[in-house]
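Here is a short briefing on a two-chain model. Read it alongside the sequence and the coordinates.

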Amino acid sequence: MTATPIIDCNANLGNWPFRRTAYNTPDALLERLARVNIDRAWVTLLDAVLLKNVGAANPWLAEMVAGHDRLMPVGSINPTWPAWERDLAECADLGFRGVRVNPNYHGWTLADPVFGELLAAAAGMFVEVALHMTDERHHHPLVMVPPVAVDGLLAACAAHPTVPIVLANVKNAPATQLAREAAGDLPGNLYFELSHFESVGGVQQMAGELGVERILFGTHAPYYYPESSVLKVFEECDFADADLAAITHQNAERLLAV
Amino acid sequence: MSASGIIDCHVHLHHNWGDRFACAELLLRGADRMGVELMCLSMGVRREIYTRPTTVEEMHQHNDEVAQVIARWPDRFAGMCYLTPRFLPQSLAEIERRVAHGPFRGIKLLWDMYCDRPNLDPIAARAGELGAPIQQHTWIKAIAEHRCESEPWRLAALARRNPDTTFLAAHTGGNWELGIRQVIDAPNILADICGGDPEMGYVEMAARMLGTERVVYGSDAPGRSFASQLAKVHGADVPDADQQQILSATMRRVLDL
């Protein structure tokens, strides 16, 4: 579909408990992403979300991706559990460049002090917040989890300006909410991953609202078909080449260089 | 249109994108970029449809807006006539006015009434006589959202009572793993894959359990992206010929093109 090098900033390995997931091993995922010319991917472990001891996912993920240089592991942290700082330190020791949090699945909000504590401790790493995992309208009736509200996020970004914060699985509405709250001055350390942006030409519309320098290419594969993000960006939108380069890899590379 | 052109069985006008013509132009720009040649269009830019039941006058206004768009771009849009089955005589009259005498090609039902109720039978029967497909919104929601939102099993009940009518289960119930199963035994129901997240496995399961000839591409644009919905087909592990069937051939047959 494209010759532009693409970094997928939101891919997954492992299993989601409510659906059998294909292409969820390192080799299979890389092969599936390569079909749409995605060369590299940041990967989280789906299993981590519903583990009680979330920290156990990190050495597991490190073991899975060992020997796969095109996959960059992103750890998982539940900052409400005792000794989460040890989990964060273990992620650093494992060479992870960032960690993901799932506040809705772990019972906290972005306005809680614990988020600031995590950001303060995450020196040298990025922190990724997954706002959804799957469509709330179809959750298992015994495991219904509302999306993460973005209230309090801008204050947290401002208080920790050297920590890159990535919103993964973010839909148009909360992104627009943040842009309005910021009144044109979104924090420089805030990034938006595009797999959940919708509407006709929606990625281009959101890039206009948020700033193209904040948009990260992501697929949410293999839960989503990776073709979705590729077609949205390369076919349905009409980005200039410089903007395509920013979205598909340069923004991610800049984030990691901080 | 070309013999293999993509047919999108499910688009709307919507107030978030301006008036009827502005919204139609947005749809056309997106469709052109994505290779979609024909779009089945229903409902105007009125907001009340998402908050309360529609009056007869509002039903007429929705269809007037769609008719104006079809008149401007007759080769790009096929009209789906929106009905309010709570007002059965007026709905039947609307079928005669818009479908029997053209230019609308099918019928659109949303959440005016649960679709397994008796009021739907005269509508379904007349649609069958005219060869007009009925597209019924279906969703199985863990969290109630709209009044009288029909699950696919309700459509299956209606379809079994009206075997000569073709139905499109819009969104395949949203919760597609369950929705596909709910329509298996109603062969005159097609799974319209529009409007949910592009979750891997959707089209593969629909094709496996219903047969490829019962799966059709739709987007729910402009609220949804054409691209994210086309990805369900282009990304599916099904043969190219099956993709072509889903993207074009089946709707070509349904619309008698």
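Two strands pair if DSSP finds at least two bridges between them. By that rule, B:Lys108 stands opposite B:Gln135 in β5(B). The model is predicted.

- Chain B holds an open sheet of 8 strands, with parallel pairing.
- The strand order is β1-β2-β3-β4-β5-β6-β7-β8.
- Strands β1 (6-12) and β8 (215-216) of chain B stand at the edges; each has a single partner strand, so one side of each is left without a neighbour in the sheet.
- Strand β7 (residues 189-192) of chain B runs parallel to β8(B), and 2 bridges join them.
- B:Asp192 has B:Val216 in β8(B) as its bridge partner.
- Helix α5 (residues 152-161) of chain B packs on the sheet and touches β5 (134-139), β6 (167-173) and β7 of chain B.
- The direction of α5(B) makes about 165 degrees with that of β6(B).

- Strand β4 (residues 106-109) of chain B is covered on both faces.
- B:Gly106 and B:Lys108 are buried on one side, and B:Ile107 and B:Leu109 are buried on the other.
- Strand β3 (residues 77-82) of chain B pairs with β4(B) in the parallel sense, over 3 bridges.
- Across that pairing, B:Met80 has B:Gly106 as its bridge partner.
- From β3(B), the chain crosses through helix α3 (residues 88-100) of chain B to β4(B), in a right-handed β-α-β crossover.
- On to β5(B), β4(B) is joined by 3 bridges, and the two strands run parallel.

**Strand β2 of chain A and its neighbours**
- Strand β2 (residues 38-45) of chain A is mostly covered, with 6 of its 8 residues buried.
- Strand β1 (residues 6-13) of chain A pairs with β2(A) in the parallel sense over 6 bridges.
- A:Ile6 stands opposite A:Ile38 in β2(A).
- Helix α1 (residues 26-34) of chain A forms a right-handed β-α-β unit with β1(A) and β2(A).
- Strand β3 (residues 71-76) of chain A also pairs with β2(A) in the parallel sense, over 3 bridges.
- A:Trp42 has A:Met72 in β3(A) as its bridge partner.
- Helix α2 (residues 57-65) of chain A forms a right-handed β-α-β unit with β2(A) and β3(A).

**The nonpolar core**
- The largest nonpolar core has 164 residues.
- A:Val99, A:Val127, A:Val129, B:Ile107 and B:Val215 have the most contacts inside this core.
- Helix α1 (residues 20-34) of chain B gives the most to this core, with 6 residues.
- Not counting residues up to four places away in sequence, B:Ile107 touches residues including B:Met80, B:Ile95, B:Val99, B:Ile123 and B:Ile134.

**The contact between the chains**
- The contact takes 29 residues from chain B and 24 residues from chain A.
- Helices α1 and α8 (226-234) of chain B each supply at least two residues of the side that touches chain A.
- Of that side of chain B, α8(B) gives the most, with 7 residues.
- By class, the side of chain B that touches chain A has 13 nonpolar, 10 polar and 6 charged residues.

Note on methods: Residues numbered from 1 in each chain as written. Chains lettered and ligands numbered in written order. Predicted model: local features only at pLDDT ≥ 70, side-chain atom pairs only at ≥ 80, totals over all residues. Helix = DSSP H or I, 4+ residues; strand = E, 2+ residues; numbered from the N terminus. Contact = placed C-beta atoms within 7 Å. Axes fitted to C-alpha atoms, helices over the stretch in contact; angles between N-to-C directions. Core = buried A, V, L, I, M, F, W, Y, C linked by C-beta atoms within 7 Å. Buried ≥ 20, exposed ≤ 12 C-beta atoms within 10 Å, placed from the backbone. Nonpolar A, V, L, I, M, F, W, Y, C, P; charged D, E, K, R; others polar. Right-handed = clockwise from strand over helix to strand, strands pointing away.
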